[in-house]
Amino acid sequence: MQTAMVTRSVCAAILCLSLFAKGQSPNSETLTSLKLHEYCGLVGVDQAKLSNDDYDHRNICLFYVSGVLDGFQIGDSATKICMPDGTSLGELALVVSKYLRQHPEKLHNPPQYLVIDALHTAFPCGTATHN
C-alpha cells in the first residue's frame with residue numbers, strides 16, 4: 001500500500017512537471033466535473049489510438065483521481081473507501097468514468113467530491129468482496 005502511494009505521488013509530480021515543461025500552468029484552467037468526465041472517458045481507449053492531446057487528457061484524469069484519493073486517505077473522514085488489494089489506478093479511473101457517465105445530473109458538483117462518491121459507491125467498506 002505504501003509503495004502504491006509513493007508511485008501515485010511520483011506520477012502526480014511527473015504530470016505537474018510535464019505541464020510546466022509544455023509552458024502550461026496546472027492552474028491555468030479549473031478542472032470541472034464536465035472536463036473530468038470528458039478526460040476520464042479516454043481511459044479505456046487504446047493508447048495507440050489517442051492523439052497527443054487526448055493522451056495528456058487521459059493522464060490528467062488518472063493523476064487527478066490518484067491525487068484526490070491520496071488526499072482523501074490522509075484526511076479524517078467518516079466516509080470510508082475499501083478497495084481490493086491490487087486495484088490499479090486505471091481501474092479506479094474507469095470506475096470514476098462510469099460513475100460520471102451514469103450520473104450526469106451531478107456534473108455541476110466539484111469534481112473531487114464526485115471522485116470520492118464514485119469510489120465510495122464502488123468500494124464501500126464492510127462487504128464480503130472488499131478487503
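Predicted model: local features only at pLDDT ≥ 70, side-chain atom pairs only at ≥ 80, totals over all residues.
1. A disulfide is a pair of cysteine sulfur atoms within 2.5 Å. Residues are numbered from 1 along each chain as its sequence is written, and side-chain values use heavy atoms, with hydrogens and water left out.

2. How many disulfides does a search of the whole structure find? The search finds two. Counting the bonded cysteines along the chain, their pattern is 1-2, 3-4.

3. Let's start with C40 and C61, whose sulfur atoms are 2.0 Å apart. The torsion about their S-S bond is about 100°, so this disulfide is right-handed. C40 sits in helix α2 and C61 in helix α3 (residues 52-74), so the pair links distant parts of the chain, 21 residues apart. Helices here are DSSP runs (H or I, at least four residues), numbered from the N terminus. Both cysteines are buried, where buried means under 20% relative accessible area, exposed over 50%, and partly exposed in between, using a 1.4 Å probe and protein chains only.

4. The other bond joins C82 to C125, with an S to S distance of 1.8 Å. Its torsion is about 90°, so the C82 and C125 disulfide is right-handed. C82 lies in the loop between α3 and α4, while C125 belongs to the segment after α5 (111-122), so the pair ties together parts 43 residues apart in sequence. Is C82 buried or exposed? C82 is buried, at a relative accessible area of 17%, whereas C125, at 34%, counts as partly exposed.

5. Now back to α2, for its packing. Two packed helices are described by the angle between their axes and the distance between the axes. Helix α2 (residues 33-40) packs with helix α4 (residues 89-102) at an angle of about 125°, and their axes are 9 Å apart. Axes are lines fitted to C-alpha atoms, for helices over the stretch in contact, and angles run from 0 to 180 degrees between N-to-C directions. The two helices are therefore oblique to each other; angles under 35 degrees count as roughly parallel, over 145 as roughly antiparallel, 65 to 115 as roughly perpendicular and the rest as oblique.

6. Which residues of α2 and α4 make the contact? From α2 come S33, L36, H37 and C40, and from α4 come A93, V96, S97, L100 and R101, with contact meaning heavy atoms within 4.5 Å.
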